[in-house]
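Colleague: I would like to learn how to read a structure of this kind, feature by feature. Please give the general idea and then the case at hand.

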Amino acid sequence: MSNSRIEQIIEEIEDYIDTCKGPLLGSGDKIIVNRERMEELLRELRMKTPEEIKRYQKVLANKDAILADAQKRAEAIVAQANLQNQEMVNEHEIMQQAYEQANQVIETAGMQAQEILNNATRDANEIRLGAIQYTDDMLAEVQNVIQKMVETSNSHYEAMMNDFQGIYTTITSNREELMPQPAQPEKEPEAEEAKAEQP
């Protein structure tokens with residue numbers, strides 16, 4: 001089978017990820033991606049996946065058509081053999097010979113029909129297994145790519161939140177150093193004595 005559009009999109013995503021550069025002060029397993037480009041590729045991937053699955057379902061449906069055609073050809077061979085048998089039996093002067101020949105023709109026709117059915121069944125099963133395997137491999141590649149993207153996004157998000165927390169803590173500390181709390185004024189002794197003399 002030729003490469004599907006889904007395979008091409010997966011290759012584009014992998015190639016794009018390979019071309020992305022990492023942050024200047026980050027670890028080697030982190031990269032910076034263009035969000036619009038990645039969303040565009042994922043959107044097309046999401047749209048193409050149902051089309052690919054329908055295409056392989058159509059391939060699987062051809063199995064029934066292959067078997068039906070083989071059955072029809074087998075029935076035609078048997079019908080032709082029976083017709084020849086009837087024509088030979090009608091000739092009474094060679095009735096015995098016709099009977100033996102007819103049995104032979106029917107036996108040969110039955111073997112041919114069975115062979116056609118066996119070949120058609122084998123071909124249909126090979127097509128079905130190949131289509132299922134191909135579809136599963138294709139979906140596995142999509143799953144791996146998405147899993148990598150999710151893991152990378154989670155790692156980037158966690159690192160970013162840690163950076164924000166550190167910056168927030170630093171800013172809070174700096175503000176406290178710039179704006180110290182004013183000291184509480186002491187009570188005047190005269191006011192305290194006047195308050196004590198009141199009945």
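Predicted model: local features only at pLDDT ≥ 70, side-chain atom pairs only at ≥ 80, totals over all residues.

Modeller: Residues are numbered from 1 along each chain as its sequence is written, and side-chain values use heavy atoms, with hydrogens and water left out.

Colleague: How many helices and strands does the protein have?

Modeller: Helices (H or I, at least four residues) and strands (E, at least two) are DSSP runs, numbered from the N terminus. Here there are 4 helices and 0 strands, so the order from the N terminus is α-α-α-α.

Colleague: What share of the residues counts as buried?

Modeller: Buried means under 20% relative accessible area, exposed over 50%, and partly exposed in between, with a 1.4 Å probe and protein chains only. Of the 199 residues, 17% are buried.

Colleague: What share of the contacts joins residues 24 or more positions apart?

Modeller: A contact means heavy atoms within 4.5 Å. Among contacts with a separation of 6 or more, 73% are between residues 24 or more positions apart.

Colleague: Which residues make the nonpolar surface patch?

Modeller: Patches are made of residues with over 30% relative accessible area and no salt bridge; like charges are joined within 9 Å, nonpolar side chains (Val, Leu, Ile, Met, Phe, Trp, Tyr) within 5 Å. Y157, M160, M161, F164, I167 and I171 make a patch of about 590 Å². M160 belongs to helix α3, residues 95-178, and is partly exposed at 36% relative accessible area.

Colleague: How many salt bridges does a search of the whole structure find?

Modeller: A salt bridge is a side-chain nitrogen of Lys or Arg within 4 Å of a carboxyl oxygen of Asp or Glu. The search finds 4. One of them pairs R35 with E39, with the closest N and O atoms 2.9 Å apart.

Colleague: Why are R35 and E39 separated by about one helical turn?

Modeller: Because they are 4 residues apart in helix α2, residues 35-90. R35 is exposed at 62% relative accessibility, whereas E39 is partly exposed at 36%.

Colleague: Where do D69 and R73 lie?

Modeller: Both are in helix α2, 4 residues apart, about one turn of the helix. Salt bridges that share partners also join E12, R37 and E40 into one network.

Key
Areas by Shrake-Rupley, 256 points an atom, 1.4 Å probe, with all protein chains shown as cover.
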